[in-house]
Amino acid sequence: MTDSSATVRPDRQAELAAGLAQVRTRIDDACAQAGRDRAEVTMIAVTKTYPASDVLALAGLGVTDMGENRDQEAAGKAAEVAAAGVRPRWHFIGQLQRNKARSMVRYADVVHSVDSVRLARALATATADRQKPLDALVQVSIDGDAARGGALPGSADPAAGLEAVAEAVADAPGLRLVGLMAVAPLGWEPERAFARLAEVADAFRAVHPGATALSAGMSGDFEIAIRYGATHVRVGSALLGMRPTLR
């Protein structure tokens with residue numbers, strides 16, 4: 001974390017309020033242009049590298065969903081926020097090492113980055129004692145580059161094919177398969193990336209009709225993601241300003 005204090009400074013509260021107003025307007029406009037109900041789109045405030053005080057400020061402004069991508073940072077931040085009496089819905093959105101699964105499931109409500117059968121099985125073991133299932137999205141590789149993370153659509157790979165990973169999640173009592181997540185590949189225009197993702201999502205829902213969540217789009221491209229069906233957009237810099245340097 002970048003700050004051990006959970007005290008919200010008035011000037012920072014005002015900065016976050018201004019950023020939030022702008023992002024909400026962008027989402028409203030994108031939904032209107034796409035002919036979609038605004039209630040279909042959840043904004044996840046990506047608070048990685050930002051202090052717990054920012055999470056508290058955002059929660060005070062009505063933000064209910066927070067995203068983190070490093071367990072070491074997220075676990076301590078979630079505990080600090082909980083100690084302040086606030087319990088947002090935590091989304092783990094980064095690539096997850098299997099040995100971090102047990103830690104992550106203690107605070108997270110949703111994991112967006114299940115990209116292999118081995119990770120799904122590690123999460124199944126880690127969630128055995130949870131009172132309610134952990135919502136899980138399978139991360140999709142849009143360009144087929146497994147090195148960048150993501151299960152492979154149309155692949156029969158028993159370890160990293162999209163359907164194999166989805167089945168491993170669906171079969172785990174402690175997990176609930178809710179949808180797909182993707183990141184636009186480097187070098188791809190967002191329009192091309194999210195159009196391809198929409199095709200994958202349509203085929204996926206034909207097999208898993210209850211898995212309707214689609215996590216896609218970040219600060220610079222979430223309007224395009226919304227046009228192609230995103231239900232969750234992950235917003236960091238547009239909401240919180242320039243990201244502090246990782247320590």
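**Exercise 1.** Is Arg176 buried, exposed or partly exposed?

*Solution.* First, the ground rules. This is a predicted model, where local features need pLDDT of at least 70 and side-chain atom pairs count only at pLDDT 80 or more, while totals for chains, interfaces and linings use all residues. Residues are numbered from 1 along each chain as its sequence is written, and side-chain values use heavy atoms, leaving out hydrogens and water. Next, the cut-offs: buried is under 20% relative accessible area, exposed is over 50%, and partly exposed is in between (1.4 Å probe, protein chains only). Arg176 has a relative accessible area of 45%, so Arg176 is partly exposed.

**Exercise 2.** Find the salt-bridge partner of Arg176.

*Solution.* A salt bridge needs a side-chain nitrogen of Lys or Arg within 4 Å of a carboxyl oxygen of Asp or Glu. Arg176 pairs with Asp135, and their closest N and O atoms are 2.8 Å apart. The pair links distant parts of the chain: Asp135 sits in strand β5 and Arg176 in strand β6, 41 residues apart. Strands are DSSP runs of E, at least two residues; helices are runs of H or I, at least four; both are numbered from the N terminus. Asp135 is buried, at 9%. Shared partners join Asp65, Arg89, Asp135 and Arg176 into one network of salt bridges.

**Exercise 3.** Compare the exposure of Arg87 and Asp109.

*Solution.* Their side chains meet in a salt bridge, 3.2 Å from N to O. Arg87 is exposed, at 51%. Asp109 is buried, at 9%.
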